[in-house]
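Student: Hi, could we go through this structure together? I'd like to start with the terms.
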Amino acid sequence: MRTHTLRGAISIALFATAVGTTSLAVARSSDGRETARISNEAQDAQQFDLAPGALAASLDAFGAQSGRRITYALEVVENRQGRSVQGRMHWTDAVARLLQGSGLNYREADDGTVVIEPALAAADRIPAPEPAAARAPQGTNATDLETITVTGTRIRGGTTPSPVITLGSERIREEGFADLGEVIRSVPQNFSGGQNPGVLSGNISGAGNANQNMTGGSGLNLRGLGADATLTLLNGRRMAYGGFTQSVDISAIPVEAVERIEIVADGASAIYGSDAVGGVGNVVLKRDYDGVGLGARFGSATQGGLSTREYTVTTGATWSGGGLIATYKDASVDPIYSDRRAYTEQLVDPSTLYPGSDLRSGLLSAHQSLDDAVELRVDALRTERDQLHHYNWAGRHSVVTPYTMTTLIAPSAEVWLPNDWSLSVNGAFGRGTHEQVRRETIAATGVTSISDVCYCNESRSYEIGAEGPLFALPAGDARIATGIGQRRNTFRSTNRVTGMNTVDGSERARFAYAEIDVPVVSPEQGRAGIERLSVTAAARAEDYSSFGQVTTPKLGLIYGPNPDMTLKASWGRSFKAPTLFERYASADAWLYHPSSFGGVGYAPDATLLAVTGGNRDLDPERATTRSVSLAWHPDALPGLEAELTWFQVAYTNRVVQPIANSPQALSNALYAPFVDLAPSLAAQQALLDRADTFRSAIATPYDPSKVAALVYLQYVNVASQDIRGIDVSGTYRTDLALGSLTLRGSASWLDSTQQTIPGQAAYDLSGTLFNPAKLNARLGGVWKRGGLSTSTFFNHTSGVTNRLDGVKSASFTTLDVSLRYVTDRERGFLGGTEIALSVDNVLDRDPPHYEVTAPLYVAPYDSTNYSPVGRFVSLSVSKHW
């Protein structure tokens with residue numbers, strides 16, 4: 001029945017493709033090339049309303065609406081027409097649309113001026129180190145048929161009804177971020193717990209298996225739902241998981257090759273499938289880079305540790321119809337040992353608060369157009385990281401030296417068809433290998449043991465899709481995107497000492513999707529009280545080899561009553577497939593005495609059977625997501641943007657190990673649904689049948705007549721969470737007598753609760769130890785004059801409460817400052833040189849503490865919310881030829 005339903009969905013998708021691709025005329029740009037309409041709905045976006053007409057007038061209007069200085073020679077733009085540009089987008093996307101088919105290009109000078117020039121002149125010029133976010137087709141020497149990746153929608157020229165946060169490469173450099181891990185940790189909607197290098201390793205703090213550093217990478221964790229509940233993409237393609245928690249390391253992508261990162265903090269399974277419950281983050285790479293760039297960065301924490309040495313090389317070239325960029329990064333970081341921080345003096349030496357690491361990362365992205373109708377592209381990534389951890393627990397000292405390798409190869413082809421339709425074919429192969437090598441010594445005896453476990457992930461995906469106009473309306477074309485594909489993930493946990501696989505599982509999913517964008521009212525219609533109105537709808541069906549089919553819809557509304565305001569609303573369903581570790585981890589049956597689980601009054605020869613580990617019968621986690629956002633972008637203040645968003649996630653069927661405190665399994669009534677106090681022979685046999693192994697923790701042999709209870713400790717779909725909150729963000733840019741000033745800020749207030757098992761009262765997650773804080777915010781500004789810029793930003797994380805004693809910690813507010821100078825490319829030997837000095841946590845704030853009475857091997861701060869680094873000073877130098 002499930003297969004029949006999926007076949008129906010696939011048939012619908014193929015039919016929609018066939019209807020569109022058999023339509024009539026060919027729609028092309030004025031220079032003979034088909035082009036893609038682009039949309040970059042972003043936190044830094046602006047409202048544009050540019051009517052088609054004389055290009056000179058359109059460029060002047062663009063300058064007024066964007067707040068950017070613009071220069072051009074009259075003879076260059078005369079007798080040329082500008083295209084219509086409507087909607088909210090980044091200024092680079094707007095000017096790219098405006099110039100489509102004109103044979104002209106644009107560039108941003110060092111002082112921020114937008115220069116319009118012939119495409120041939122641009123091709124002969126060495127581009128700036130930071131190419132613009134979008135470029136239109138540009139004459140014979142320009143890149144052809146560029147497709148802009150838009151996060152949150154598959155419709156070309158479409159707009160997602162969910163709020164989108166965009167951080168471009170220039171902003172990343174202005175604010176002094178060294179890698180994408182630092183970038184995402186600055187986003188208030190993201191929780192820095194889960195997989196991040198500053199989170200304490202080994203789960204010795206009791207923060208849970210999901211809140212520990214294994215791979216040394218940085219995983220997006222929107223709304224604190226878990227790194228496995230946020231989807232991470234590279235140019236729209238899935239990357240391989242890392243470790244056993246299915247986290248994706250976004251910091252594996254060299255920041256030097258990144259054009260921007262777009263984050264949709266809203267459910268997106270109807271567009272992308274599993275994992276997109278908290279949202280999706282998409283890293284968009286630079287397309288074109290000419291020349292060679294070398295860079296170095298050195299830094300250290302002033303309290304000691306974290307000495308950092310980074311070296312990068314970036315090279316690229318452009319040619320007729322194509323281009324490539326390649327980058328390589330080598331970075332090493334020294335550990336922060338606990339004896340370098342006064343507040344961790346109780347820890348046994350040596351203990352690391354932040355691991356040492358050595359990183360080697362390379363990336364290649366290339367594209368080539370064929371016959372003005374096809375574009376081929378390939379993205380390839382490989383990252384290797386070695387780490388060093390020391391931690392002590394219960395009289396044992398562990399030295400952990402993990403090795404992590406991440407690879408991705410993603411080829412794609414885009415074919416432009418008649419009637420403004422396009423066909424895309426793409427695939428992706430990814431591998432994440434994490435070797436966890438640990439040497440553990442018992443202090444009292446000196447006995448040493450070595451463990452070597454490989455957590456090996458592999459993914460393959462293939463997809464074919466089509467996009468184009470479905471039918472015409474007075475407000476514009478209704479457009480549809482549809483496609484089908486298949487994805488396969490495998491996970492193995494191999495004990496390299498014994499050669500045994502403790503986990504060996506795989507999962508295949510086939511999928512079909514469709515998305516439609518229907519414009520109801522457009523600005524050109526001049527309707528009073530309705531500047532813009534459009535409706536979006538999407539649906540996706542996935543059929544898993546494990547649990548079967550799940551279908552996720554999403555509806556959206558975009559309404560602009562006037563040019564100054566835009567209202568968005570979305571409703572949808574999302575899901576997350578259980579991790580392969582939760583499903584396929586070894587299920588072990590154990591024989592215990594009931595007293596080990598809180599049993600009282602049992603006979604000395606009474607026994608208890610308990611089953612732990614994976615559960616092959618798990619179902620997907622499911623969520624209903626809602627969001628409403630109001631954006632204000634007044635024409636009277638073209639440099640001002642502000643947005644207010646309300647969101648809610650009702651998350652059910654979450655996978656947990658239901659008995660959190662096993663010594664109370666028999667004494668706590670909450671655990672009664674997972675305990676059988678009158679086990680029959682059939683029930684005992686069923687428990688043993690579902691187990692891969694049987695072991696005894698006591699000397700008493702197994703006798704079915706002596707078994708007094710069964711305890712089920714396996715993963716199970718039982719928990720539910722309610723997550724809701726408010727996001728607010730704003731940007732204001734203005735020209736000063738000396739230079740320009742951009743003020744920007746964002747904040748997120750989060751209220752989340754969890755009911756672990758039915759009948760249990762819900763309890764707070766947000767605002768408690770090892771969970772997201774209630775309030776996170778970042779506020780500051782950037783001043784620029786010519787090649788000189790400086791930024792100052794405050795970061796705030798509210799305090800969290802320790803449930804054990806009810807004490808709330810202090811909040812954590814830090815100040816970051818960055819100074820940057822870029823020389824003009826024309827200045828001889830020093831041209832193209834960039835020097836940047838950054839100081840994070842200028843006031844050297846220590847993380848807030850909580851009381852630790854026992855055990856004394858636990859660091860007394862919440863490493864998921866607060867950092868032990870203190871003041872960190874870094875200097876970077878780069879040169880572009």
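Tutor: Let us begin with a term: buried means under 20% relative accessible area, exposed over 50%, and partly exposed in between, using a 1.4 Å probe and protein chains only. This is a predicted model, in which local features need pLDDT of at least 70 and side-chain atom pairs count only at pLDDT 80 or more, while totals for chains, interfaces and linings use all residues. Residues are numbered from 1 along each chain as its sequence is written, and side-chain values use heavy atoms, leaving out hydrogens and water.

Student: Okay, is Cys454 buried or exposed?
Tutor: Cys454 is buried, because its relative accessible area is 0%. Cys456 also counts as buried, at 12% relative accessibility.

Student: And how many disulfides does a search of the whole structure find?
Tutor: The search finds one disulfide, a term for a pair of cysteine sulfur atoms within 2.5 Å. Cys454 and Cys456 form a disulfide, with their sulfur atoms 2.1 Å apart.

Student: Why is that disulfide right-handed?
Tutor: The torsion about the S-S bond of Cys454 and Cys456 is about 110°, so the disulfide is right-handed.

Student: New topic: which residues have the most contacts inside the largest nonpolar core?
Tutor: They are Leu180, Leu234, Ile250, Ile253, Ile261 and Val283, in a core of 30 residues. Such a core is a set of buried Ala, Val, Leu, Ile, Met, Phe, Trp, Tyr and Cys residues joined through side-chain atoms within 4.5 Å.

Student: What is Ile250 in contact with?
Tutor: Leaving aside neighbours within four places in sequence, Ile250 is in contact (heavy atoms within 4.5 Å) with residues including Leu180, Ser218 and Val283.
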